[in-house]
Amino acid sequence: HIIQTSSILEKRDSKLRFFTCQTGKAEIDDQYNVVRYKKRNNLIDIPSLTRAFFNFVSDCDIVHVHSVSGQLSTLTEIIATAFGTPVVLTAHGTGIVDHPEYGVTGRVSHKTTRWVTLNSADRFISTCSHFTDIALRYIDRDVIREIPEGVDSQFFTPGKANKEIFHDYNNIEPNSNIILSVNMIKPVKGMQYTIQALPHILQSH
């Protein structure tokens, strides 16, 4: 998502750079200026992380944040606001949804940083109606722009299935029908509907 968005912004003569706490080189490192900050400890590290990002954002015209909760997103928006730099916040998934499975400390931290990031953003880009409903608990609708993430249908094009890759599974025959689902196993992803449909699929196929 970030690489595709960046390529469009580059065509509009935007100069891009990136700041992340994720370690390890990725495809984006070969194309852009990427600062990879190595975190040490969530609390002790805050002053050092703040200084690093303070220097990074000091001459930015706009800041685009891609996580609705967490330490880095919260510090990013606080520092950008201090500079008077507009902030765009995009929700992609785990950061905005509720997490009842977290412990008490985790839930408090998640809800607090989610409140801060949503209320500090000048514009919030929601990628689905579910995220919009969550955001409306915290911010006004006029701040929200709902833009579903699309699919590059030229790249993600179904080809002829090669079922030989399943040869290690003895109970799967070459003529078997295979359903593959790759996602988080959470209600918002709708896996329960697939499971409920399986008996009917078995009857007809």
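**View 1. Arg114 and Asp98 meet in a salt bridge.** In this predicted model, local features need pLDDT of at least 70, side-chain atom pairs count only at pLDDT 80 or more, and totals for chains, interfaces and linings use all residues. Residues are numbered from 1 along each chain as its sequence is written, and side-chain values use heavy atoms, with hydrogens and water left out. The N to O distance between Arg114 and Asp98 is 3.0 Å. A salt bridge here is a side-chain nitrogen of Lys or Arg within 4 Å of a carboxyl oxygen of Asp or Glu.

**View 2. Asp98, Arg114 and Arg137 form a network of salt bridges.** Arg114 is buried, at 1% relative accessible area. Asp98 is partly exposed, at 34%. Buried means under 20% relative accessible area, exposed over 50%, and partly exposed in between (1.4 Å probe, protein chains only).

**View 3. Arg36 pairs with Asp29.** Their side chains meet in a salt bridge, 2.7 Å from N to O. Arg36 is partly exposed, with a relative accessible area of 26%.

**View 4. Asp30 pairs with Lys25.** The closest N and O atoms of this salt bridge are 3.2 Å apart. Asp30 is exposed, at 59% relative accessibility. Lys25 is exposed too, with a relative accessible area of 67%.

**View 5. The whole structure holds 5 salt bridges.** Among them are Arg114 with Asp98, Arg36 with Asp29, and Asp30 with Lys25.
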